[in-house]
Amino acid sequence: MTHIYQHILALIFAVREINENPQILPNVTLGFHIYNDYFSLSRLYQASMDMVSTHGSFIPNYKCNTQNDLVAVIGGPQSETCVNMATILSAYKVPQLTYGCAPMMVKRAQAGFSYQTFPDEALQHVGILQLLMYFRWTWIGVISKPEINEFTKRFVQNTLPMFAQSGICIDFIERTPTVSFSTQIGETENSFTKISRVIMRSSANVVLVYGEIDTMIALRILLDGSEFEGLSMKTKGKVWILTAQMAFTSLPFQRNMDIHFLHGALSFASHSKELFGFQKFLQMRNPTSEKEDGFIMDFWQQAFNCIFHKTMVDNTNEKICTGEEKLENLPGSVFEMRMTGHSYSIFNAVYTVVHALDAMRLSHVKHESRGLLNPLWQLHHFLRSISFNNSAGETISFDHNGEIMAGYDITNWVTFPNQSFLQVKVGNIIPKTSTGKGFTIHEEAIVWPRTFNQTPPLSICNDKCSPGYGRREKEGEPFCCYDCLPCPVGKISNHKDTDDCFQCPGDHYPNQEQNLCLPKVISFLSYEEPLGTTLSIFALSLSFLTALVLRIFIRNWDTPIVKANNRNLTYTILISLLLSFLCPLLFIGQPHKVTCLLRQPAFGMIFSVAISCVLAKTITVILAFKATTPGSRMRKWMGGSLAGSIVIFCSLVQATICTVWLVTFPPFPDFDAYSVTGEIILECNEGSVTMFYCVLGYMGFLAIVSFTIAFLARRLPDSFNEAKFITFSMLIFCSVWLSFVPTYLSTKGKFMVAVEIFSILASSTGLLSCIFFPKCIIIVCRPDLNKREYLINRNK
């Protein structure tokens, strides 16, 4: 893996820089040994034991070469390496500085000798969550290493539930098969194919890859396999979020694999800065000048895909390495020229050890001790309290847990057709400062995968619910997946993805789309609106007509037709009708306390008087006919006293009902904000609906009695047959008010008032037209018929 060679170069660069600096550890030469565990636990333990043994003689607990004193071990980037090397080295109190991983030491004793140049892992978890929340990616996939890895297990058990609490749902969690670096790669092909299908067919556009430095190898195998399944990343893009433990690594056979899938990816990385002189140091590396570098020959051959003459077994057609090739000409997929986060951590780890040694040396000089020959465990005191500025100008120090006090960079991958790439810094996550702003992202600087046309992709289980709709969870699916249902009648939602619709305030109502509350309008039957104006004109016109009829009857008071129909009852009926036509004016306009108190009782009393007079007139007609029969006893009932008594008694009953109503449950001004959508109806509350219907019921009773008596008297001789006209008038009256009740109950708002006004006008008009219009025609148009002689002749 050619990329790891930069880790070695960062170590060489740091050691060389320190040895050339007389200000740090004067008269002391810093050296190093590099061990490879080959991803094998046994090799790791062997290397750990070799470090604490005499160099070249593997004899545990025996070390006699004081010229090569072990002062510290830098280990990584695999988490297994960081954890397992502590098993042996902690027993010897050897300071261990880890990079590229965030190990959780099982034993507290081991943790006391470990120092982490990789930032706090919990901070990275927060950064990932903040990134997901910033772009509102609530539906993601997760790829991780197998759970036998303690690092992965901790992430799945502790971190993913934290994501769920913040509204992030996981579509899938796939674990990469263990990649063997031998001939067993083909055995995992089926596993890779299955996982690639899951990833590429998922509706999640964002996939979090929580892995380590070797995970990129497995990821490339996964996505290369998807090309053969017809699920190309070129047509179905994904945004990959890579953790800081990862780095771009590859095996020789992956050299020509396309890396376009990384275009637009976002990755976390240990914070790093370019070091002065490091680029030049890399550019000057070549196998000819670096004879002591035991890795450069193998690296060179792999990186430039060539072989040196001295390594040739026989004549081949392979490209010959000249040693003059330039590292800067290599694509990024083979070797990166910029300093990676892991390399920066190694550089800082070397300087941390050196500054601690220098601090210990100065302490010993102060106390006249013997230089650096003191036990290793004394170095821990200085490591815990170390704080210095590196050559990049950044302060390096550790917290009480031995973790470096630093944050993470967020980088954006930009790939090119020549297999090269750039990682552009677009944000960071740092431990919270006094301002509280620990997370920063520059969205405008991000290059997205090409399939998203340079717009931030959506990664949600389903489209967000529009305003006017509420969410309902789908049974058996994650909480991020839900149905969108229209808000119930009377409720709204004014934001996307509202959990519950809510009621508008009492003085507002939902619009048609149910996404906004509109102010309700004040509604009442006013004189200004067409309906109120029309009813007012009709009421006044009919009042004028009634007054005209009354004037005609008064002017012709002494004529036979007026005298024959009981003048007093006639005048009383006409005055009642005049008042009944004026009564609707109490119903029109904004309700007030006085109008509410008066309108229903006044209407009830006026109509009761009118109907009582009609009833008295009907009875009078019948008695008048019966009294003409010889020997009839009805003569003693004749006279004005009987008619007056009927009117007074019947009216008094209605007056009693109205008085009880006004005393117990008087009507009052009120408003109704719910009957009619969008309106606040100003109305008169009847106080007692029962009393209101008692008034109507009594009026109906009088009307039915009058109708019945008039109907029975319909065959009287025409000269006296006013009962015929009374029958028709009562039929109209009863029809109107029987229709009134269901119509009144089925209407709302000002139309209820209009229905009652119409009923008053219609029933009053029926009385006026049926009883008085025929007489008016005779009085005005046929005065020759309005004579006593004519009435007598008609009777004969």
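In this predicted model, Ser202 sits in the loop that links helix 7 (189-201) to strand 6 (206-210). Ser202 counts as buried because its relative accessibility is 5%, and the cut-off for buried is under 20%. Beyond its neighbours within four places in sequence, Ser202 is in contact with Asp171, Phe172, Lys236 and Lys238.

Helix 5 was examined next. This helix covers residues 121-134, 14 residues in total. From first C-alpha to last it reaches 20 Å, close to the 20 Å expected at 1.5 Å a residue. Its N-terminal end is capped by Asp120. There, a side-chain oxygen of Asp120 lies 3.2 Å from the backbone nitrogen of Ala122. After helix 5 comes Arg136, which has a positive phi, near 60°. Several residues of helix 5 are buried, including Leu123, His125, Gly127, Ile128 and Leu132. Glu121 and Gln124 are also among the buried residues.

The largest nonpolar core contains 62 residues. Phe553, Phe603, Phe733, Trp737, Ile757 and Phe772 have the most contacts inside this core. Elements that each give two or more residues to the core include helix 13 (530-555), helix 16 (593-627), helix 19 (723-746) and helix 20 (750-781). Helix 20 gives the most, with 12 residues.

Residues up to four places away in sequence were not counted. A second core is separate and has 56 residues. Leu11, Phe13, Ala356 and Leu379 are among its members.

Key
Residues are numbered from 1 along each chain as its sequence is written. This is a predicted model: local features need pLDDT of at least 70, side-chain atom pairs count only at pLDDT 80 or more; totals for chains, interfaces and linings use all residues. Side-chain values use heavy atoms; hydrogens and water are left out. A nonpolar core is a set of buried Ala, Val, Leu, Ile, Met, Phe, Trp, Tyr and Cys residues joined through side-chain atoms within 4.5 Å. Buried means under 20% relative accessible area, exposed over 50%, partly exposed in between (1.4 Å probe, protein chains only). Helices (H or I, at least four residues) and strands (E, at least two) are DSSP runs, numbered from the N terminus. Contact means heavy atoms within 4.5 Å. The expected span of a helix is 1.5 Å times one less than its number of residues. A polar contact is a pair of N or O atoms within 3.5 Å; within protein, one must be able to donate a hydrogen and the other to accept it, and residues adjacent in sequence count only if both atoms are side-chain atoms.
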